Amino acid sequence: MGDEQAGTKSPKEATMQSKILTGLAIATALLAGPHPDTRHAKAQQTPDQEGPVYLSSADDRESVSITVYNQNFGLVREIRDLSIGKGRIGLEFADVASTIQSETVHMQPLSGPRLEILEQNYQYDLLSPQKLLEKYVGKTVKLYRWNEREGRDEVVSAEVLSVNNGTVVRIGDEITFNYPGRIAFPEVPEDLIARPTLMWQLDSRADRQRIEASYLAGGMNWKADYVMVLDEKDENAGLTGWVTLTNQSGATYRDAQLKLVAGDVQRLSPEPAARMKAVMAMEAAAARQDFSEEAFFEYHLYTLERPTTVKHNEQKQVTLLEAPEFAIDKRLIYYGAAHYYRGQYGQVESNAKVGVYLDFENEKENGLGMPLPAGIVRVYKRDGSGAQQFVGEDRIDHTPRDERVRIKMGEAFDVVGERRQMDFDVIGDCTTESEWSVQVRNHKDEEVEVELMEPIGADWQIVSSSHRHEKLDAHTFKFTVKVPARGETTVTYRVRVRWC
């Protein structure tokens, strides 16, 4: 009884007091009103900040669009609806790309001349273990080392002296480096931020503002890939085009309007902007044509017809086009070389490879007709069992509509060529005549057609030939010959060349 009178409370009395204090705390919070929206809460004022600072994140986005160029950069445009109040304020515009080119940032109000931009800054001194250590050079931290014998952490205070090629600290009267254990910091320095942020000083004349911000950022790229499937006779094919989009910009864009620009856009070499690291993830879209296309300046613009989310460190695939069947022209071409005509040779080539090419017209009648972005075309064909097999691939350049596309598949196995110089005469200054025999052997069970392509250069004239030749341009002629099954065809010709 004496202890209770001296101030010691019984367990029952202590429980009752705790409940009373908890009730008072809840009542105080309710009287204080609802918590402010943390997205628009005032940040702590810094000495150089005249007004309150508001934070805007991706949650404030009303809309976002990204236009990606196939040169590893993109244009980001977003609209945010903000409650920031009137007067002189600071606006932290977060969730921007870490690869942003700050000199390309443009911000404007969409609700009339009620917002004046006084200053713009880009903050990218990001929080990391190394940065944290650098900020604490000359300051005191705590070092924790586990003591296995006592089963607890031992704590010492240390002054950070240097963090170059290892951490150097002063503990008491001793200086050491790479102290084993973990480092504890009292707080995060104010000038370190968790994510890249645009910072504006604004003069707002309205409580609510709709603003549009746009900027160029690196680390966004796209490419086109095509899959072609040949029919049994190599006379028709189907083509599917895919767009593969890669985002390594450091930001995620949810429900974005996606546009792609194909073409060779001139850009000056920028300062090294990139702080880019990438771990790819694949997200494949359903196989259907999702992009519309339009001419844009001297390029072509492809627009995805639906919103899509483009995540950081993501690789996304979307169908560009589908052409189920169109005619192709399979060609066997045996190329010569211009230097053959400048000197004396005997047998120039034996068992030489004959190239295999596929040509088609990029026109509407073929189910195509869309300007084709540069990319790789991979070609497949079904074997005797019906399984698709890979038969070759080639890269195409940006190809306008109504243009002819040529794809090299590789070299023919059963068709080979041989070139021999049969005669060489010097008939004047800088003028020679040479006689040639070009033989093509076909080991297939069916007849083939082969084009003998002869690049020659200089001034030339066919003096005589066993087959009709076709002049393609000032420096090229060709012969087109039929080679019977399991047979051979030989073309002979004499040509005069003058090179001065």
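Start with Arg152. Arg152 is partly exposed, at 43% relative accessible area (partly exposed lies between buried, under 20%, and exposed, over 50%, using a 1.4 Å probe and protein chains only).

A note on the model: it is predicted, so local features need pLDDT of at least 70 and side-chain atom pairs pLDDT 80 or more, while totals for chains, interfaces and linings use all residues. Residues are numbered from 1 along each chain as its sequence is written, and side-chain values use heavy atoms, without hydrogens and water.

Next, select Arg406 and Asp359. Their closest N and O atoms are 3.0 Å apart, in a salt bridge. Arg406 sits in strand β27 (404-428) and Asp359 in strand β24 (347-361), so the pair ties together parts 47 residues apart in sequence (strands are DSSP E runs of at least two residues, numbered from the N terminus). Asp359 is buried at 1%; Arg406 is partly exposed at 33%.

Now go to Arg486 and Asp445. This salt bridge spans 3.0 Å, N to O. Arg486 is in the loop between β32 and β33, and Asp445 in the loop between β28 and β29, so parts 41 residues apart in sequence are tied together. Arg486 is exposed at 65%, and Asp445 is exposed at 59%.

Finally, select Asp329, Arg331, Asp359, Glu361, Arg404, Arg406, Glu451 and Lys478. Salt bridges with shared partners join these residues into one network. The whole structure holds 35 salt bridges.

Conventions:
A salt bridge is a side-chain nitrogen of Lys or Arg within 4 Å of a carboxyl oxygen of Asp or Glu. Helices (H or I, at least four residues) and strands (E, at least two) are DSSP runs, numbered from the N terminus.
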